[in-house]
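Here are my notes from a pass through the model you sent over. Have it open while you read.

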Amino acid sequence: MNPNKLLLSVFALGGGISLISLAGPAAAQDTPGVMPPANAVYSPYPEQDFPDQVFFGDTHLHTSFSPDAGLIGATMTPDDAFRFARGQKVISSTGIPARLARPLDFLVVSDHAENLGLPAAVANGDKELLASEFGRQIAKIMEPGTLASKFEGYEFWELASQTGKDPLAETNFGKSMWAKATEAAERNNVPGAFTALIGFEWTSGPNGVNLHRNIIFRGGKDTADKILPISTYDTEDPEKLWDWMEQAEKDAGVRLLAIPHNGNLSNGLMFDDTTFDGRPIDSAYAQRRMRWEPVYEVTQMKGDGETHPKLSPNDEFADYYTWDKGSFGPDPKTPDMLPREYAREAYKRGLAYDAKLGVNPFKFGMIGSTDSHTGLSTAEEDNFFGKIVALEPTADPIRFNEPLVGRFSENDSDKTFAWQTAAAGLAAVWARENTREAIWDALARKEVFATTGTRIRVRVFGGWNFTQSDLDRSDFARYGYDNGVPMGGDLVNAPEQASPGFLIRAVRDPEGANLDRVQVIKGWVDADGSTHEQVYDVAWSGDREAGEDGKLPAVGNTVNMAEASYTNAIGEPFLQVFWTDKSFDPAMRAFYYVRVLEIPTPRWTTYDAKAFGVKLPEGAPVDTQERAYTSPIWYSPE
Amino acid sequence: MTGLSRLLREPLLHFFIAGAGIFAVYMAVARPGPSPADVISIGPERLKQLYAAYETVWRRPPTAAEMAGLAEDFVREEIYYREAIALGLDRDDTVIRQRLRQKMEFLSAAGAELQLPTDAELQSWFAANRDVYRREPELALQQLFLGEDASADDVGRRLAALRAAPDTDFAAMGMRTLLPAELELSRPQTVDGIFGQGFFGELQALPPGVWSGPVRSSYGLHLVRLTDSRPGRTPMLEEIRESVARDWSADRDASARKSIFAKLRSRYTVFIDGAAAPHLARE
C-alpha cells in the first residue's frame with residue numbers, strides 16, 4: 001500500500017471525526033424524548049389529522065461550500081449554518097458574534113452544485129482536489145491565504161466554470177464533498193425540534209440570466225448519497241433537470257422537488273412562453289413543470305417577485321424591493337420581459353394557458369427564503385448579515401454602496417446596490433409536525449406561504465358554502481378542511497348561483513409589528529383570453545374607510561428614524577374576515593391569494609444608521625411594510 | 001487506577017505509540033530495504049498501487065507503455081520531492097504547512113478515538129457534564145384568549161364557568177383568533193414562538209389540570225388549562241449511553257490534542273514581539 005495513501009485515508013477519517021466533535025455535547029440536549037411510563041395519563045385531545053402548526057424556515061442558504069461564498073471570504077461550514085439556525089451563537093466570517101433572536105424551525109443548506117465544497121477542499125488540501133491539475137492550480141493561487149489571493153482564486157474558478165465544463169470532472173471530488181454536505185444535514189436533523197433538509201442549488205445561468213433552482217430532498221443521507229447533484233455543467237435546461245430528477249427518483253429512491261427563484265433577474269426566461277430550446281410550451285411541459293416545481297421562492301434578498309409596479313399599476317404596494325435592472329449578464333432589462341418574470345403575472349398567464357392547453361404550467365405555491373451567502377440565515381431588519389460576507393454589518397460604505405447588479409455598466413442607473421437588498425425572507429409551512437417528511441409534503445401540496453422575514457401567521461380556506469358565522473367557529477380549522485380547501489388548493493364544481501367564499505385569519509408575529517390590512521388578490525382570464533387582476537382590501541385596522549379612488553387610506557406611521565424604533569399604537573394584532581367574490585363568473589378561470597401587510601417598521605438600513613452612526617443611503621426609505629403572501633386557491637370551471 | 005494503567009491512558013504516550021505504529025507501517029511498506037538518499041526503488045506494491053489508481057480513473061487497466069509512464073512519473077515525483085525537501089521548499093509553503101499541521105493534529109487525537117471508555121469513566125464524565133444533556137420541560141395546554149385586556153370581573157366569571165363545566169367547548173368562550181386553542185406537549189421554543197417570549201415560563205407556575213389565569217402573552221390575556229406536562233430532566237446515562245460515549249471520545253480527542261500540543265510547545269521558547277507592531281493588532 002502506498003504510505004501516502006495510508007496517511008491520507010487516516011487523515012480523511014480524522015476529518016470526519018473532527019466534524020462530529022463540532023456537533024458534540026451542545027447538540028445533545030435536543031435528542032428526541034423518551035417514551036413516558038406506560039401508566040402516564042394523557043390529555044383527551046380531539047382526534048385531529050389536519051396541519052395545525054406553522055413552521056418557519058429557509059430553503060435557500062449558502063455556506064463556505066459554495067464557491068461563490070467560500071472563495072470570497074465565507075468561513076461558515078454547513079454545520080455552522082445549522083447551528084446558527086438552531087439558535088446557537090456563532091462567529092461570523094468577518095468575526096462578528098452572531099445569534100438569531102429566535103431559532104428557525106427548519107433549514108435547507110443549498111450550496112451550489114457547481115464544484116460544491118471547492119472552497120473547503122482548497123482550505124483543507126483535499127486529496128481528491130489536489131489529484132487534479134485544476135485543483136493544484138487553484139490551491140497554488142490561494143496559497144498565500146490573503147483576501148487578494150482568494151479573489152484571484154475565485155476569478156480563476158469562475159473563468160474555468162464559465163466554459164461550461166466541470167474543471168473537476170475527472171475526479172471523485174464531487175462525491176466526497178456531497179457526502180460531507182449530506183452528513184451535516186443528517187447530524188443536525190432532530191425530528192420534532194429542528195428539521196435539516198438535504199438540498200443543493202442547480203445554478204443554470206445562460207448568459208448570466210437567472211434560471212436557478214434549489215433541489216430539496218424528502219429523505220435522508222442514505223438515499224441522497226446514492227446520487228450526485230446535477231449541475232449546470234451537465235445542463236442549463238430546466239426540462240433536462242426534470243429528466244434527471246425523474247431518473248434519480250427511479251435509481252436512488254429519493255423524492256425530490258425543485259424551487260426556482262429570482263425570475264426578476266431572468267430577463268424574461270423564468271416564466272417564458274417557450275421552452276429552453278425554443279419550442280412553444282405545451283401540455284406535457286406544463287404537467288412536468290408542475291410535477292417537479294410545485295412552489296416558487298417569491299421573495300428573498302435579491303428582491304421581491306410578487307409583482308412589478310408596471311404590471312400592477314393600480315396596486316400601491318406593488319413597488320416592493322423591485323430589482324429590475326437586467327440580470328447578472330450583460331443584457332439590460334426591457335419592459336417586454338417583465339410579464340415573464342413575476343409571480344402574479346405568471347399566475348394570470350397560467351390561467352390562459354390552462355384554458356388553451358388544459359394544463360396550467362404556472363400553478364405554483366409561494367415561499368420566501370434568504371439566498372444568503374454568509375452561512376447565516378438572517379431575514380430580520382435589526383439582525384441582518386447581508387447577502388455576502390463583504391456586506392456583513394459594518395460602518396464601511398461597502399455595506400450600502402456595493403453594486404450587485406449591473407456591475408459592468410458605467411451608469412449608476414443600470415445598477416442595483418447593496419442598500420437595496422431586502423432583509424428577507426422566510427418559508428412558512430402548515431404541517432402537523434416538524435419533520436423532513438411533513439415539511440416536504442407541505443411544500444409538495446403548496447400549503448405554504450411566503451413572508452419577507454416576519455413571522456406573520458395566516459390561514460385561508462376557500463369553499464362554496466361558507467358563511468359569515470363560520471368565521472367565529474371554535475373548530476375553524478377542522479370545519480375549513482371539511483368544507484373547503486386550504487391555500488394551494490383547487491375549487492371546482494361551482495354550484496349554480498354560488499360564489500366562492502373565503503375564511504381568512506391572520507395574526508401578527510408574536511414579537512413583531514401589528515397588522516395594517518389583509519388583502520385578497522384575484523386574477524382571472526375572460527372569454528377572449530385576456531387576463532385581469534384586482535386587489536381587494538378585505539380587513540384592516542381601525543375605522544378607516546375607502547376614499548373616492550376606492551383605496552383604503554394608509555395605516556399611519558410610528559417609526560422613529562433616529563431611534564430605529566416603532567410602536568404597536570396603530571394596527572391590529574389579529575385580522576380576520578369572511579369574504580366572497582361578488583363579481584365571480586363561473587365560466588372564467590381565476591385564482592385568489594391573500595396578502596397581509598404589517599404596519600411600517602424601520603428598514604435594516606435605518607437600524608444600521610443608528611448602530612453605526614452613518615447616514616441613510618440616498619434613496620433608501622426609512623421604513624418598510626413587511627408582508628406575507630399565501631399560495632393561491634385556484635378556481636377552474638371544469 | 002494503578003500507575004501502569006494511568007500511564008497507558010496518557011495521551012502523549014498514545015500519540016507516540018500511534019505515531020510509531022504508523023511509522024512502522026510506513027517503513028514496512030515504503031522501504032522494503034535500505035534505501036540511501038540517491039536510490040529510488042519501486043517494488044511490486046507500489047506498481048500495484050499505480051495500476052489500481054489508473055484503473056479507477058480511466059475504467060480500464062493501463063497498457064504496458066502507460067504503466068512504464070506511470071512508474072517514470074512516480075520517479076519524477078519522488079526525485080522532485082526529495083530535492084524540494086533538501087532545498088527547504090516546504091518551509092514557506094502554506095498548503096504543505098497546513099497539511100502537516102492537520103496530520104499532526106489528527107495523530108494527536110487518534111489515541112482517544114480508538115479507545116472505549118470504561119463504565120466508571122463514562123459515569124464520572126457524564127456526571128460532570130450533566131447539564132448538557134438536560135431535556136427541556138414540555139407542556140400541553142388549552143387556552144382561550146380574552147383580548148388585550150379584561151376586567152377582573154370578566155376573568156372571574158369566565159374562570160368560574162369553565163371550572164364548573166370542564167367539558168364545555170372552551171374555545172367558543174374566547175375571542176376567535178388564529179392562535180391554537182390547544183397544543184400537544186410542546187417545548188418552550190414552540191410555545192414562546194406562538195405566544196411570545198416568556199409565555200412558557202408563566203405557564204410553569206400554573207396548577208395542572210384546572211383552568212387558571214389570566215396569563216399575559218404578547219397579544220393580551222389568556223385563560224389556560226395545562227392538560228399534560230413532562231418535566232425537564234436529565235436522562236439516565238443508560239438512555240443515552242451511545243451519544244454520551246461519542247461525546248466522551250470527542251472530548252478526549254480535544255483534550256488529548258490540547259495536552260499534546262501543550263507538551264510540544266513547552267519544548268520551545270517563543271517570542272512574539274507584539275509591541276513592535278501594535279497597528280497589526282485588531283482592537
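The points below go through the cores, a few sheets and helix pairs, and some single residues.

1. Ground rules. This is a predicted model, so to speak of a local feature I need pLDDT of at least 70, and side-chain atom pairs count only at pLDDT 80 or more, while totals for chains, interfaces and linings use all residues. Residues are numbered from 1 along each chain as its sequence is written, with chains lettered from A and ligands numbered from 1 in the order in which they are written.

2. The main core. A nonpolar core here is a set of buried Ala, Val, Leu, Ile, Met, Phe, Trp, Tyr and Cys residues joined through C-beta atoms within 7 Å. Buried is 20 or more other C-beta atoms within 10 Å of a residue's own, exposed is 12 or fewer, and partly exposed is in between, with C-beta atoms placed from the backbone. The largest such core has 173 residues, and the members touching the most others are A:Leu107, A:Leu197, A:Ile216, A:Val429 and A:Ala506. Its top contributor is strand β22 of chain A (residues 590-598), with 7 residues. Helices (H or I, at least four residues) and strands (E, at least two) are DSSP runs, numbered from the N terminus. There is also a second, separate core of 5 residues, including A:Val555, A:Val559, A:Tyr566 and A:Ile599.

3. A:Ala506 up close. Contact means C-beta atoms, placed from the backbone, within 7 Å. Leaving out residues up to four places away in sequence, A:Ala506 touches A:Ile456, A:Arg457, A:Val458, A:Leu515, A:Val518, A:Leu575, A:Gln576 and A:Val596, plus B:Leu178 from chain B.

4. Strand β6(A). What covers this strand? Residues 213-217 of chain A form β6, and 5 of its 5 residues are buried. A:Arg213, A:Ile215 and A:Phe217 are buried on one side, A:Asn214 and A:Ile216 on the other, so both faces are covered. Strands pair if DSSP finds at least two bridges between them. β6(A) runs antiparallel to β5(A) (residues 195-202), with 4 bridges, and A:Trp202 has A:Arg213 as its bridge partner.

5. Three strands of chain A sit in the order β9-β8-β10, in an open sheet of 3 strands with mixed pairing. β9 (303-304) and β10 (365-368) are the edge strands, each pairing on one side only. The link between β8(A) (residues 295-300) and β10(A) is parallel and has 4 bridges, one of them with A:Gly365 as the partner of A:Val295.

6. Helix pair in chain A. α6(A) (residues 133-141) and α7(A) (residues 147-162) pack at about 155°, axes 8 Å apart. That makes them roughly antiparallel. Axes are lines fitted to C-alpha atoms, for helices over the stretch in contact, with angles from 0 to 180 degrees between N-to-C directions. Under 35 degrees counts as roughly parallel, over 145 as roughly antiparallel, 65 to 115 as roughly perpendicular, and the rest as oblique. Residues meeting there include A:Phe134 and A:Ile138 of α6(A) and A:Phe156 and A:Trp157 of α7(A). The contact has 6 nonpolar, 3 polar and 1 charged residues. Ala, Val, Leu, Ile, Met, Phe, Trp, Tyr, Cys and Pro count as nonpolar, Asp, Glu, Lys and Arg as charged, and the others, Gly among them, as polar.

7. Helix pair in chain B. The axes of α6(B) (residues 119-128) and α10(B) (residues 241-266) come within 10 Å and cross at roughly 85°, and the two helices are therefore roughly perpendicular. B:Leu122, B:Trp125 and B:Phe126 meet B:Val244, B:Ala245 and B:Trp248.

8. Chain B overall. It has 10 helices and 4 strands, and 23% of its 283 residues are buried.

9. Two single residues. Is B:Pro214 buried or exposed? B:Pro214 is buried, with 20 other C-beta atoms within 10 Å, and lies in β3(B) (residues 212-216). A:Ala498, in the loop between β17 (490-491) and β18 (501-507) of chain A, is partly exposed, with 14 such atoms within 10 Å.

Definitions and conventions. Contact = placed C-beta atoms within 7 Å.
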